Amino acid sequence: MSVAFTKEGDAEAFAADLPDRPISQHPNLVTPEGLAMIEAEFAAARAAYAAAQAAGGVADDRTAMARATRDLRYWSARRSTAQPVERDEGRTSVQFGDAVTFDREDGRTQTFRIVGEDEADPAKGSVSYVSPLARALMGKGVGDTAMVAGGEVEIVAIG
């Protein structure tokens with residue numbers, strides 16, 4: 001179809017039709033910090049929704065309203081399904097919420113904290129408990145080895 005036969009508002013309508021953010025099928029385990037982050041994101045989504053409504057309604061900025069509505073649905077669902085997990089201080093094996101330090105075969109030492117899906121950020125040193133790395137390390141103790149990304153790692157510290 002030629003551009004001459006489209007309405008100028010079609011691009012805005014398309015942008016406003018945002019798909020929902022995918023929600024994981026895994027249990028929504030969270031650390032205390034993760035629960036606080038979800039609460040903060042939920043509050044921010046409510047504020048964005050209120051701001052989009054106050055800005056003149058759907059007709060003025062459909063994209064902002066659609067984004068706010070989508071985020072509010074997502075964070076509301078994540079908030080309602082959150083399952084806070086406290087670290088068991090008596091355990092000596094890797095568990096949810098732990099920071100795990102391990103040595104790789106190439107001589108690198110890395111540390112990652114095992115957290116919930118919404119709080120995971122590998123660039124900042126945290127991975128989701130459903131990630132292959134976390135799954136390989138869970139239940140292991142200091143001195144144990146695990147296969148990670150095709151190489152062997154040895155756990156040197158858990159905290």
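Let's start at arginine 70, which is found in helix α3. A quick word on what we are looking at. This is a predicted model, where local features need pLDDT of at least 70, side-chain atom pairs count only at pLDDT 80 or more, and totals for chains, interfaces and linings use all residues. Residues are numbered from 1 along each chain as its sequence is written, and side-chain values use heavy atoms, with hydrogens and water left out.

Helices here are DSSP runs of H or I with at least four residues, strands are runs of E with at least two, and both are numbered from the N terminus.

Back to the helix. Helix α3 covers residues 62-81.

Now, arginine 70: buried or exposed? It counts as buried, at 18% relative accessibility. Buried means under 20% relative accessible area, exposed means over 50%, and partly exposed is in between, with a 1.4 Å probe and protein chains only. The buried residues of α3 also include Met65, Ala68 and Arg78.

What does arginine 70 touch? Leaving out residues up to four places away in sequence, it touches Leu18, Pro19, Asp20 and Arg21. Contact means heavy atoms within 4.5 Å.

Arginine 21 comes up again. The charged end of arginine 21 sits over the ring of tyrosine 74, 4.1 Å from its centre. For that call, NZ of Lys or CZ of Arg must be within 6 Å of the ring centre and within 35 degrees of the ring normal.

On to the rings. The whole structure holds three aromatic pairs. One of them is tyrosine 74 with tryptophan 75, edge-to-face, at 4.8 Å centre to centre and 85° between the planes. Both of these residues are buried. Another pair is phenylalanine 102 with phenylalanine 112: the centres are 6.3 Å apart and the planes at 20°, so this pair is stacked. The rule takes rings of Phe, Tyr and Trp (its six-membered ring) with centres within 6.5 Å; planes under 30 degrees apart are stacked, over 60 edge-to-face, and the rest tilted.

Phenylalanine 102 lies in strand β3 and phenylalanine 112 in strand β4, so the pair ties together parts 10 residues apart in sequence. Phenylalanine 102 is buried at 0% relative accessible area. Phenylalanine 112 is buried too, at 14%.

That brings us to the strands. β3 (residues 99-104) and β4 (residues 109-115) run antiparallel, joined by five bridges. Strands pair if DSSP finds at least two bridges between them. Valine 100 has phenylalanine 112 as its bridge partner. Four residues sit between the strands of this hairpin, where glycine 107 takes a positive phi near 95°.

β3 has another partner. Five bridges join it to β7 (residues 151-158), again antiparallel. There, threonine 101 stands opposite alanine 157.

Last stop: alanine 99, in β3. It is partly exposed, at 26% relative accessible area. Its C-alpha is 3.9 Å from that of arginine 113, 14 residues away along the chain. Beyond its neighbours within four places in sequence, alanine 99 contacts residues including Phe112, Arg113 and Ala157.
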